[in-house]
Amino acid sequence: LKIDNARDTVRLEQTAGVSGILDVGSSSVFDSGEAGVVLRSTASDQTGRVGILHPTASVHGKITLERFMDARQRYRYIAQPFQGVLFQDLTDRFPMWTGYQYRYDESVTGYKDWGWVRMSMTDTLRPGTGYITWPSPAVYWKPVTWNSSGLLEPGINRDAVDLRLKHTASPDPKFSNDGWNLVGNPYPSAI
C-alpha cells in the first residue's frame, strides 16, 4: 500500500489488509482511523510491515500487526511494538500457559540463567523488549497467528529508538557471561 500525496490527507473508511509494505511518502499524511490497517502475516512468508518513514510523513490511527508462528511445543520468543499491550491481550489468538512468561533482567549478576524474571498475564509488554512464553497445549500442534494493535509513535516504534541496553559486570570472575539483553524488534516490521 503506497501513500504518496503531499496535498491531502488519505483516510481509510474500512479496514485494509497489507501483505507487503505500507509505504508513506515524504510529506504525505495517512490516517487509518478506527478502521485501521492490518499488517498480515502468513505461513507463506507474506509478512506485512511498515516501510521506512520519511521524517515529514505522518501516520495516524490504528495499526494492527499480525505474527504467524508455526506449530511447535517449545518456548516462543515474542516482542510487539505498541504501548499498553498486556500478555493477556495476546491470548485470544495465542493461548499461553499462565506463569510461563519471562523477560530477562541484565542487571542480575552471576550465572546467566539467574536473570529470568517471571511475568504475569497482566504485565505490560514494552516495545523493544523481548519475552519468552510457553504456548498452551491447545496450540502445540497447530500454527497460530497472533496480533497486537496500537499507534506509530516517534521514539517508541518509529524513527530512531534508544533501547537503552546495559552491561552489568559481575564482581565474581567465575561468572563471565554478564551483559545479556533480550531485545525485541520495536518496529511494526519483520526482521
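These are my notebook entries on one predicted chain, from its overall build to single residues.

**Ground rules.** I worked on a predicted model, where local features need pLDDT of at least 70, side-chain atom pairs count only at pLDDT 80 or more, and totals for chains, interfaces and linings use all residues. Residues are numbered from 1 along each chain as its sequence is written, and side-chain values use heavy atoms, with hydrogens and water left out.

**Whole chain.** I counted secondary structure first. The chain has 1 helix and 16 strands. These are DSSP runs numbered from the N terminus, helices being H or I of at least four residues and strands E of at least two. The C-alpha trace spans about 60 × 40 × 30 Å along its principal axes. I then looked up burial. Of the 191 residues, 40% count as buried. Buried means under 20% relative accessible area, exposed over 50%, and partly exposed in between, with a 1.4 Å probe and protein chains only. The accessible surface comes to about 10500 Å², and carbon and sulfur atoms hold 50% of that. The areas come from the Shrake-Rupley method with a 1.4 Å probe; for residues, only the protein chains shown count as cover. Next came contacts, meaning heavy atoms within 4.5 Å. Among those with a separation of 6 or more, 71% join residues 24 or more positions apart.

**Core.** I looked for the largest nonpolar core and found 29 residues in it. Such a core is a set of buried Ala, Val, Leu, Ile, Met, Phe, Trp, Tyr and Cys residues joined through side-chain atoms within 4.5 Å. Val 24, Leu 39, Ile 63, Ile 78 and Phe 87 have the most contacts inside it. At least two core residues come from each of strand 4 (21-24), strand 6 (37-39), strand 9 (63-69), helix 1 (87-90) and strand 16. Strand 9 gives the most, with 3 residues. I then listed partners of Leu 39 beyond four places in sequence; they include Val 18, Leu 22, Ile 63 and Pro 188.

The largest pocket has a volume of about 640 Å³. On a 1 Å grid over the protein atoms alone, a pocket is an open set of points where a 1.4 Å probe fits, with protein on both sides within 12 Å along at least five of seven lines; lining residues have an atom within 4 Å of a point. Points are joined across faces, edges and corners, and the volume is the space filled by probe spheres set on them. I found 28 lining residues, with Arg 67, Met 69, Tyr 77, Ile 78 and Ala 79 nearest the centre. Strand 9 gives the most to this lining, with 4 residues. By class, the lining has 16 nonpolar, 8 polar and 4 charged residues. Here Ala, Val, Leu, Ile, Met, Phe, Trp, Tyr, Cys and Pro count as nonpolar, Asp, Glu, Lys and Arg as charged, and the others, Gly among them, as polar.

The second largest pocket has a volume of about 500 Å³. Its lining has 21 residues, and Arg 126, Gly 128, Thr 129, Leu 163 and Arg 164 are the closest to its centre. They divide into 9 nonpolar, 5 polar and 7 charged.

**Two single residues.** I found Tyr 140 in the loop between strand 15 (131-135) and strand 16. Tyr 140 counts as buried because its relative accessibility is 12%. Beyond four places in sequence, Tyr 140 touches Ala 71, Arg 72, Gln 73, Trp 97, Trp 134 and Pro 135.

Ser 170 lies in the segment after strand 16 (144-150). Ser 170 is buried too, at 15%. Its contacts beyond four places in sequence are Thr 109, Gly 110, Phe 175 and Asp 178.
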